[in-house]
Amino acid sequence: MTPETLSTLDFGEPDLIDASLSDNVRGLVGSEILKIAADVKKMIAAGDDVCNLTVGDFDSRHFPIPDGLRERIITAYNDGETNYPPSDGVLALRKAVVDFVARTWGARYPIESVLIASGARPILYSTYLAVVNAGEKVVYPVPSWNNNHYVWMSGAEGVVVPTRAEDGFMPTLDQLAPHLRDARLLVLNSPLNPTGTLIAEDQLRAIVEAVVEENQRRTKQGRRGLFLLHDQVYSTLLSGDARHRMPVALVPEAAPWVVSLDGISKGFAATGLRVGWVLGAPKLVARMKALVGHIGAWAPRPEQVAVAGFLNDAPAVEAYQQEMNRRVQRSLDALFNGFTEMRAQGYPVDCVSPQGAIYLSLRLDLIGRSIGGRRLETNEDIRQLLLDRAGLAAVPFQAFGLEQDSGWFRLSVGAVSTDDIERAFPRLRSLLDELT
Ligand SMILES: Cc1ncc(COP(=O)(O)O)c(C=O)c1O
């Protein structure tokens with residue numbers, strides 16, 4: 001018998017297997033964004049002209065990784081850097097991260113505060129696991145990315161704080177304060193996925209000071225602390241004169257309770273290379289090291305060695321960041337200017353001026369309106385219509401935990417050219433001209 005003549009194994013009734021799996025995996029919801037993106041890919045494969053504004057990823061033709069990073073990765077492979085990395089990350093990279101953070105954000109961490117993992121996701125999940133017991137409260141604003149999934153996976157109780165467009169979709173201390181007394185973890189992300197907005201410095205300072213105060217109270221009472229998980233994976237992607245701040249640079253006394261995470265996925269357009277890091281209290285980071293180690297969620301060693309070398313080349317890092325921001329800004333401007341013009345012409349569209357990340361928040365005020373006899377009741381109806389009739393692929397804010405059908409969408413510019421964007425506007429205008 002040859003391998004080709006073996007009959008393929010039969011796994012029987014899929015539902016029987018599924019019913020036997022854990023509540024945890026059966027209750028998990030897959031990524032809504034990836035589901036939408038799969039529809040879009042099919043249309044593109046069928047030859048349709050689609051402006052794909054769905055995925056938070058980059059087309060390497062428009063947004064390549066830095067040359068200095070690519071060359072160092074190849075060298076690292078050629079040098080045989082192909083074994084297990086140390087479980088907290090290659091020392092040279094941890095040192096390079098300390099220096100990068102100090103020169104970029106004005107906060108100096110000890111080396112024991114740095115742990116490297118395979119991107120930001122394992123860091124996010126291990127922070128939840130390291131800090132939160134099952135049933136404890138995690139407070140997070142919506143719209144935001146993936147907190148609902150990490151809450152589920154860690155068995156936590158999610159406390160959702162809806163934000164307002166007029167606050168740039170960022171939470172205020174007034175909105176958060178009632179929930180902090182009995183929370184274990186507060187999660188903030190700025191620049192924010194999905195909105196492309198930044199938290200104002202005074203707003204962030206007030207929230208971080210409240211975390212410090214809450215912990216002073218708890219320390220006196222002998223209670224466990226409240227942590228702030230600060231996700232800054234888009235921190236170097238900034239529009240115009242927008243300024244990003246780290247919580248510990250604003251309020252150094254918060255250091256014991258703040259966990260900041262970052263990585264190369266977004267800032268260096270390197271989502272597939274899988275290098276992320278956490279900065280936090282050494283004791284917490286040591287616990288996370290054990291978690292990441294048991295999962296084996298280390299970043300690949302050649303990439304770690306290469307990122308270390310690249311981060312240490314400050315002029316190359318700055319030059320890349322400038323060029324990256326110029327390109328992202330050009331695409332975001334093309335979207336923002338296009339929608340602003342449509343709005344001035346009376347179309348029911350609105351968008352928030354971009355401040356950072358690779359996203360634009362767009363509102364289509366179409367709920368209750370009809371097009372071609374089709375009445376639009378939900379964001380999902382609008383999404384489908386835009387895709388089918390205007391070749392415009394966007395992600396509704398529902399994919400980021402918002403419940404109301406308020407017409408808000410995330411537009412991501414990483415996978416399109418400005419030409420793709422320009423070509424989409426006439427299609428959208430002629431679709432909206434049919435509105436009744
Ligand atoms: C806010 C935010 N945090 C973390 C991540 C995960 O990044 P990584 O690809 O490094 O796991 C993403 C990815 O889209 C994100 O948008």
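Helices (H or I, at least four residues) and strands (E, at least two) are DSSP runs, numbered from the N terminus. Residues are numbered from 1 along each chain as its sequence is written. You're looking at a predicted model, where local features need pLDDT of at least 70, side-chain atom pairs count only at pLDDT 80 or more, and totals for chains, interfaces and linings use all residues; side-chain values use heavy atoms, with hydrogens and water left out.

**Stop 1: the cis prolines.** Select Pro 191, in the loop between strand 5 (183–189) and helix 9 (201–221). A cis peptide bond joins Ser 190 to Pro 191, with omega about -10 degrees. Now hop to Pro 143, in the loop between strand 3 (137–142) and helix 7 (147–154). Val 142 and Pro 143 are also linked by a cis peptide bond, with omega about 5 degrees. Most peptide bonds are trans.

**Stop 2: positive phi.** Pick Phe 169, in the loop between strand 4 (157–162) and helix 8 (173–180). Its phi is positive, about 60 degrees, although it isn't a glycine. Phe 169 counts as buried, at 3% relative accessibility (buried means under 20% relative accessible area, exposed over 50%, partly exposed in between, with a 1.4 Å probe and protein chains only).

**Stop 3: the domains.** Colour domain 1 (18–63 + 320–432) and domain 2 (67–313) separately; these bounds come from an automatic or database domain assignment. Their centres, taken over C-alpha atoms, are 26 Å apart. The contact (heavy atoms within 4.5 Å) takes 34 residues from domain 1 and 32 residues from domain 2.

**Stop 4: the core.** Which residues have the most contacts inside the largest nonpolar core? Select Trp 277 and Phe 339; the core has 137 residues. (A nonpolar core is a set of buried Ala, Val, Leu, Ile, Met, Phe, Trp, Tyr and Cys residues joined through side-chain atoms within 4.5 Å.) Helix 13 (residues 314–344) gives the most to this core, with nine residues. Domain 1 and domain 2 both contribute residues, so the core lies between them.

**Stop 5: two helices.** Show helix 5 (residues 91–105) and helix 12 (residues 301–312), which pack at about 35 degrees with axes 8 Å apart. (Axes are lines fitted to C-alpha atoms, for helices over the stretch in contact, and angles run from 0 to 180 degrees between N-to-C directions.) Among the residues making the contact are Val 97 and Phe 100 of helix 5 and Val 307 and Leu 311 of helix 12.
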